[in-house]
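Please look through the sequence and the model shown here. The paragraphs that follow take up a sheet and then a ligand site.

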Amino acid sequence: MVEMARWILRNNDRGGYTVPARGLYPFQWLWDSGFTALGWATFDPERAWLELRTLFRGQWLNGFLPHIVFHSEDPGYFPGPEIWGVDHQPQTTGLTQPPFLAPVVLHLLQRDPDRPRALREARYLYPRLLALHTFLHRYRDPEGTGLVGVLHPWETGMDNSPAWDVPLARVPEGPLPPFQRRDLVHVPGEQRPREEDYRRYLYLVLAYRSRGYDPETCYREAPFLVADIGFNAILLYADEALARLAEILGEESKQPLAWLHRGLAAIEALWNEKAGLYHSLDLRLGVPIPQDTSAGFLPLLLPLPRPRVLKMRKALGRFAQGTTYLLPSVPPHDPAFEPRRYWRGPVWPPVNYLLALGLRRHGLLDEASQLEADFVALVEQAGFREYFNPLTGEGLGGKEFSWTAALYLALLD
Ligand code: GLC
């Protein structure tokens with residue numbers, strides 16, 4: 001299995017970047033690169049650093065880091081560069097994704113046996129990470145509330161989570177120019193987002209494109225604006241890692257620490273006592289989105305008071321009741337649960353990985369091991385698939401998937 005996982009990464013390597021899956025996702029994706037680098041690090045640290053260097057070739061002058069870098073052409077993918085219309089070389093999208101990068105750089109720096117190389121690479125990446133975090137805190141939280149907003153479900157990395165149903169329903173389905181989805185060529189429609197959701201995704205893309213991707217205008221006029229608990233938890237976890245990197249590299253850690261502390265106070269508003277987990281916030285209406293999803297546990301990545309952690313541990317048990325494998329993206333007893341459809345039920349490797357990190361941080365070792373063991377079991381019986389049915393263990397979505405292979409390697413390491 002380890003050989004197979006390494007083979008998948010090599011086979012998905014396009015010379016400096018790793019495609020998430022051949023055919024289905026033929027470019028470089030932001031948070032996939034972070035997870036993939038963790039896998040490369042277990043057998044080829046130099047290649048792990050290169051993954052991140054290559055990703056930052058897509059960074060814009062204002063610090064923004066897009067969620068896809070189109071290093072090469074591929075007519076098999078939609079929406080490609082001509083739909084995004086971004087003026088940058090290499091071409092990119094105009095949306096971002098959860099910035100799970102500074103924790104990866106910290107991890108690589110700590111484990112690379114070649115210390116001079118590691119310091120060199122970390123010094124190259126540090127100012128780029130700082131620029132990205134500065135962009136997010138400045139332009140996605142213009143009033144300095146401590147919560148950053150996402151402008152599109154794609155920015156959350158959890159594209160069709162039921163948490164986005166209500167805010168997305170306010171987004172028009174058109175008008176749109178004629179288009180043809182390409183994802184359905186690779187994966188059955190019942191495992192992918194529905195048509196009406198897809199139309200709204202595209203409407204949003206064109207709305208931001210028509211505003212020239214200007215960050216202030218886009219935030220102000222966004223038809224979809226949500227403080228995603230997953231995105232915010234990952235950003236704060238990354239702020240903490242950035243502060244640690246600053247200390248190691250002899251840089252100033254005050255700013256990242258200030259972001260972290262402001263954010264920790266702000267996410268309190270997203271805590272739901274009854275559910276025992278966090279919810280996202282609809283920033284357009286100023287109301288919480290009362291939908292339990294696996295993202296609601298990601299604040300476990302952060303320092304939290306003990307009673308809070310214990311409450312979340314209990315909620316985790318309730319959340320997963322009725323499943324064979326941890327962790328479903330939506331609880332099986334929830335009306336929105338669909339065990340095979342993308343982010344509406346299946347188990348997703350990066351979530352198991354992140355949550356296990358968080359549980360370990362708080363000393364909940366049994367729960368962490370369970371999440372890891374279930375992920376390993378799923379892979380060993382169903383293969384390196386994109387996501388899995390939490391009831392049956394069936395493998396779903398893309399095959400020979402990079403983050404699945406990489407996280408398998410990282411966990412066994
Ligand atoms: C899907 C996932 C997203 C991931 C991308 C590439 O869009 O929802 O999280 O980054 O595929 O794997």
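Strands are DSSP runs of E with at least two residues, numbered from the N terminus, and two strands pair if DSSP finds at least two bridges between them. The model is predicted, so local features need pLDDT of at least 70 and side-chain atom pairs count only at pLDDT 80 or more, while totals for chains, interfaces and linings use all residues. Residues are numbered from 1 along each chain as its sequence is written, and side-chain values use heavy atoms, with hydrogens and water left out.

Three strands form an open sheet in the order 1-2-3, with antiparallel pairing. Strand 1 (28-29) and strand 3 (91-92) are at the edges; each has a single partner strand, so one side of each lacks a neighbour in the sheet. Strand 2 (residues 68-70) runs antiparallel to strand 3 and is joined to strand 3 by two bridges. Phenylalanine 70 has glutamine 91 in strand 3 as its bridge partner.

The ligand is surrounded by 13 residues, where a residue counts as near if one of its heavy atoms lies within 4 Å. The closest are Asp32, Gln97, Gly157, Asp159 and Trp343. By class, this shell has eight nonpolar, two polar and three charged residues.

Which atoms of glutamine 97 and glycine 157 lie by an oxygen atom of the ligand? For glutamine 97, an N or O atom in the side chain is 2.9 Å from a ligand oxygen. For glycine 157, a polar backbone atom is 2.5 Å from a ligand oxygen.

Methods: Polar contact = N/O pair within 3.5 Å; in protein donor to acceptor, adjacent residues only side chain to side chain. Nonpolar A, V, L, I, M, F, W, Y, C, P; charged D, E, K, R; others polar. Helix = DSSP H or I, 4+ residues; strand = E, 2+ residues; numbered from the N terminus.
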